[in-house]
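Reader: I'm new to this structure and would like to learn how to read it. Could you walk me through a few features, one at a time?

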Amino acid sequence: MSTIFLDRDGVINENRADYVKSWQEFRFLDGSREAIAKLTQAGHRIIVCTNQAAVARGYVSVETVEEIHRRMLAGIAELGGSIEKIYYCPHAKDENCLCRKPRPGLLLRARDELGIDLSDAVFIGDSMTDVRAGLAAGVHSILVLTGLGVEQFRDHHHEAEGPFRITLNLRHATEIILQGLHLYTGPQTALERACYSILDISRHLDVLATTRVLEHVALPSNDLAPTRGATTF
Ligand SMILES: [Mg+2]
Ligand SMILES: [Zn+2]
């Protein structure tokens, strides 16, 4: 049994650029409730750690956030899943609190309040700030490619101060955890190799774009250009 920390938006439910401000705007991602149920049935403790700066920005009240969480827990319980506790940071970025991810404050609070052993814990999130918070707390970190995951990997993967794993979604992460695959030192999966090679390609293209190479390879060479009087088809 280990503890599985989950980010909320982009992992359990759909992300919204304008924040999830009411239960009406809350949509479970496909398979997330089933995955939480499987983790629960396998005996794992599940804790949610989420940044909710919408509170500080006045888009949503604490009461509404807590109502959303009550209903979310009820929806998860319908399928047999159980989340032990939800920790959220209500602060704005400029408040410089200790709990807003990428800081590990929420995880450390859970450790202290619930007596969690972080050494075999896992944090699953769709943002590199989740990966960084997990690593800062000393837990295995998984980036899912739902929510903001793809753009987060593309633009911010280099910000991680340690190794992390990549899975398609929470369901996929759950399968890996349940199969007992080693989350830290195992070989890269096909998905991870694909993610990193796509980055390699775009890095090479960046290099090419800054040289004059593209001017040459992008133009048709002379022997391919139609010659005067040639038949055109
Ligand atoms: Mg998220
Ligand atoms: Zn905070």
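Reader: Let's start with a helix, then. Which residues are exposed on the other side of α6?

Author: Keep in mind as we go that this is a predicted model. The general idea is that an α-helix has 3.6 residues a turn, so residues three or four places apart point the same way. Now the case here: Gly-149, Gln-152 and Phe-153 are buried in helix α6, which spans residues 149-156. Looking down the axis of α6, its buried residues fall within an arc of 100°, so they line one face of the helix. Your answer is on the other side, where Arg-154 and Asp-155 are exposed.

Reader: You keep mentioning strands. In what order do they sit in the sheet?

Author: To read a sheet, follow the neighbours across it. Here six strands form an open sheet in the order β3-β2-β1-β4-β5-β6, with parallel pairing. At the edges are β3 (85-89) and β6 (165-167), each of which pairs on one side only. From one strand to the next, the twist averages 25°.

Reader: Can we zoom in on β4? How many bridges join it to β1?

Author: Three bridges join β1 (residues 3-6) to β4, and the two run parallel. Phe-5, for instance, has Phe-123 as its bridge partner in β4. With β5 (residues 140-144), β4 pairs in the parallel sense over four bridges, and Ile-124 stands opposite Ile-142 there.

Reader: Which way do the residues of β4 point?

Author: Val-122 and Ile-124 point one way, Phe-123 and Gly-125 point the other way, and all are buried.

Reader: And which helix makes a β-α-β unit with β4 and β5?

Author: That's α5 (residues 128-136), and the unit is right-handed.

Reader: Now for the core. Which residues touch the most other members?

Author: In general, nonpolar side chains in soluble globular proteins tend to be buried together. In this chain, the largest nonpolar core has 45 residues, and those touching the most other members are Ile-4, Phe-5, Leu-6, Leu-107, Val-122, Ile-124 and Val-139. Among the elements, β2 gives the most to this core, with four residues.

Reader: What is Val-139 in contact with, leaving aside its neighbours within four places in sequence?

Author: Its contacts include Phe-5, Leu-107, Leu-118 and Ala-121, along with Val-122, Phe-123 and Gly-134.

Reader: To finish, how many helices and strands are there in the chain?

Author: The chain has nine helices and six strands. Of its 233 residues, 36% count as buried. As for contacts with a separation of 6 or more, 67% are between residues 24 or more positions apart.

Methods
Residues numbered from 1 in each chain as written. Chains lettered and ligands numbered in written order. Predicted model: local features only at pLDDT ≥ 70, side-chain atom pairs only at ≥ 80, totals over all residues. Buried ≥ 20, exposed ≤ 12 C-beta atoms within 10 Å, placed from the backbone. Pairing = 2+ DSSP bridges. Right-handed = clockwise from strand over helix to strand, strands pointing away. Arc of directions from axis to C-beta. Contact = placed C-beta atoms within 7 Å. Axes fitted to C-alpha atoms, helices over the stretch in contact; angles between N-to-C directions. Core = buried A, V, L, I, M, F, W, Y, C linked by C-beta atoms within 7 Å.
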